[in-house]
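Here is a short report on one protein chain. Keep the sequence and the 3D view open as you read.

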Amino acid sequence: MPRTANALLDRLTNLLGPDAVGRRSAERRFFAQDALGSRAAASEAAVPLAVVRPATAEEVAGVLALASEAGVPVVAYGAGTGLMGGARSLRPGLVLDTVNLNQIDVHPADRLVWAGAGSILADVDSALRQHDLCLGHDPWTFPVASVGGPLSTNGLGYKGGRYGGMGDQTLALEVALADGTLLRTKALRRHSTGPDLARLFIGAEGTLGVITAAALRAYPIPERQELRAFRFRRFEDGFAAVDALTALGLRPSLLEYSEEHASPWPELSTREEEPPLLYLGFEGFAEEVEASLSRAERIAAGHGATPLPQQQVEDFWAERHIIAERFARNRGNRRRRNGWGDPGLVRDYIHVSLPPSKVLEFRDICHRQPSRQGAVLFECALWTGPDCFSAVLATPTADGGQERLQGVIDALLMSCQDLGGSMEYVHGAGLRLAHLMPREHAEGGFDLLQRLKRALDPEAILNPGKLGL
Ligand SMILES: Cc1cc2nc3c(=O)[nH]c(=O)nc-3n(C[C@H](O)[C@H](O)[C@H](O)COP(=O)(O)OP(=O)(O)OC[C@H]3O[C@@H](n4cnc5c(N)ncnc54)[C@H](O)[C@@H]3O)c2cc1C
């Protein structure tokens, strides 16, 4: 280790204490990676110099000041469940593990909670439930993800149709800046006093500052929840129903609409065609839920929906976090982590947002364009509304399947951008989509992002290489 790095680690040990500066090789290797796995392997992970665990905002600010002075990169790390390589270390530097920033302070009268960036979402929700309140953000990773992770990717959960994404539920932030200063904004629903500075750090993936705490909206525990499942004959019919109920102003607390296609390679996968299926739910006060549900059922029936057995949607809801719990259990076992069935196939997904009027056109592109490159559309879905469209693409592993699929995905994402859409609605851009960021923020946006980055982080220490910054 170079002398300057040793000197930095000594200064960090003085600041945080020896227990909060992890130098063990296995620990450093573990924290070099997040859940991106083997995809985007072109940017191999670099083993960090140390994993630091500050316990207060002032300590985080102190770490950043020392790192800036030494010109050493700092990657903020929550639970490492991010799928885009946002928390992958690209150069030997510091991983700033937020695990000790875990204070949770409920303000029932103001219907908000100040939560440390390292608090686990499920723990924040449990603290709120003691006051008959709850969180609105409910991603698959609810039991394991930190508060700082979804803030930094502006994540979206199952209940996003009702409560919005993580950014929509955030009233204020406390942030440590690269020069070692702290920012704390006011936890208010509205202010008309210049730009909302908290917004600058939502979705910034730790490239502009490190979030140390957030004031999140707290919602009353719903009086009632109703769930339903429907089949449609054609994807277009269910899309029209989803679009109509959204246009009316209904705000479902569950909206997942998906269809699956048969594998054209029976020797590699026995997957069969599944007609479109809509899971729909409402929650809130009893009369609101009753009225929303009865109107939504009428809309679905008007588009030819067939109701499915109630148990099917109840099971879906009860099991919605299992995959993330399994992921957390298998962390470190990379062979199991990257498995996704059918070893003869590689699969990958996209999650794009589009003007609703362009969604069916884009779905057609997802059918046609990949087949010209030896890949197929396996699944497509709407999540939380008609504008958030996901697709799973697959191709045989043989003859460079991984690279072929990467080309297919990039071409689709660019087609989405050309239709006025955004290449990602949920997971952030991280490392995986960094190369498409200039195109995503064309017309002056990317240039402005770069100027903001230079102003806030002149030594370029904050999560370098992510978001293309
Ligand atoms: C099986 C599975 C299912 C998933 N389902 C969903 C889903 O339904 N919805 C969804 O939105 N996401 C989902 N994800 C992605 C991931 O769980 C979310 O992005 C999650 O919010 C990441 O939280 P984390 O604590 O693990 O963050 P990390 O992975 O540790 O970090 C994510 C990014 O945020 C940055 N960061 C972390 N903490 C801070 C901080 N305090 N300050 C500044 N930057 C910070 C990191 O540097 C990184 O760039 C899923 C992932 C998996 C593996």
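S5 and S6 are antiparallel partners, joined over four bridges. Strands here are DSSP runs of type E with at least two residues, and helices are runs of type H or I with at least four, all numbered from the N terminus. Two strands pair if DSSP finds at least two bridges between them. Strands of a sheet pair through backbone hydrogen bonds, either parallel or antiparallel.

## About the model

This is a predicted model, in which local features need pLDDT of at least 70 and side-chain atom pairs count only at pLDDT 80 or more, while totals for chains, interfaces and linings use all residues. Residues are numbered from 1 along each chain as its sequence is written, and side-chain values use heavy atoms, with hydrogens and water left out.

## Three domains

The domain assignment gives domain 1 (3-99), domain 2 (104-220) and domain 3 (224-418). Such bounds come from an automatic or database assignment. Between domain 1 and domain 3, the C-alpha centres lie 35 Å apart.

## The five-strand sheet

The strand order in this open sheet is S5-S6-S10-S8-S9, and the pairing is antiparallel. Strand S5 (104-107) and strand S9 (182-184) stand at the edges. Each has a single partner strand, so one side of each is left without a neighbour in the sheet. From one strand to the next, the twist averages 15°. Axes are lines fitted to C-alpha atoms, for helices over the stretch in contact, and angles run from 0 to 180 degrees between N-to-C directions.

Follow the pairings across. S6 and strand S10 (residues 210-217) pair in the antiparallel sense over five bridges. In that pairing, Gly-116 stands opposite Ala-213 in S10. Strand S8 (residues 170-176) is joined to S9 by three bridges, and the two run antiparallel. Val-175 has Leu-183 in S9 as its bridge partner.

## Inside strand S6

Why is S6 largely enclosed by the rest of the structure? Five of its five residues are buried. Buried means under 20% relative accessible area, exposed means over 50%, and partly exposed lies in between (1.4 Å probe, protein chains only).

In a regular strand the side chains alternate between the two faces of the sheet. Leu-112, Trp-114 and Gly-116 point one way from S6, and Val-113 and Ala-115 point the other way. Helix H4 (residues 121-129) lies across S5 and strand S6 (112-116), running at about 35° to S5. Contact means heavy atoms within 4.5 Å.

## The seven-strand sheet

A second open sheet has seven strands in the order S15-S12-S14-S13-S17-S18-S16, with antiparallel pairing. Strand S15 (306-307) and strand S16 (345-353) stand at its edges. Each has a single partner strand, so one side of each lacks a neighbour in the sheet. Strand S12 (residues 224-231) meets S15 through two bridges. Arg-231 has Thr-306 in S15 as its bridge partner.

Helix H13 (residues 401-418) packs on this sheet, touching S16 and S18, and its direction makes about 15° with that of S16. Helix H7 (residues 235-248) lies across S13, S14, strand S17 (376-383) and strand S18 (388-396). H7 runs at about 165° to S13.

## Around His-261

Where is His-261 found? It is in the loop between strand S13 (254-260) and strand S14 (274-284). Is it buried or exposed? At 10% relative accessibility, His-261 counts as buried.

A polar contact of 3.2 Å joins it to the side chain of Glu-259. Another, of 3.1 Å, joins it to the side chain of Glu-273. A polar contact is a pair of N or O atoms within 3.5 Å; within protein, one must be able to donate a hydrogen and the other to accept it, and residues adjacent in sequence count only if both atoms are side-chain atoms. Leaving out residues up to four places away in sequence, His-261 touches residues including Arg-271, His-367 and Phe-378.

## Cysteines

How many disulfides does a search of the whole structure find? The search finds zero. The cut-off is a pair of cysteine sulfur atoms within 2.5 Å. For Cys-366, the nearest cysteine sulfur is that of Cys-380, 7.4 Å away. Cys-366 is buried, with a relative accessible area of 0%.
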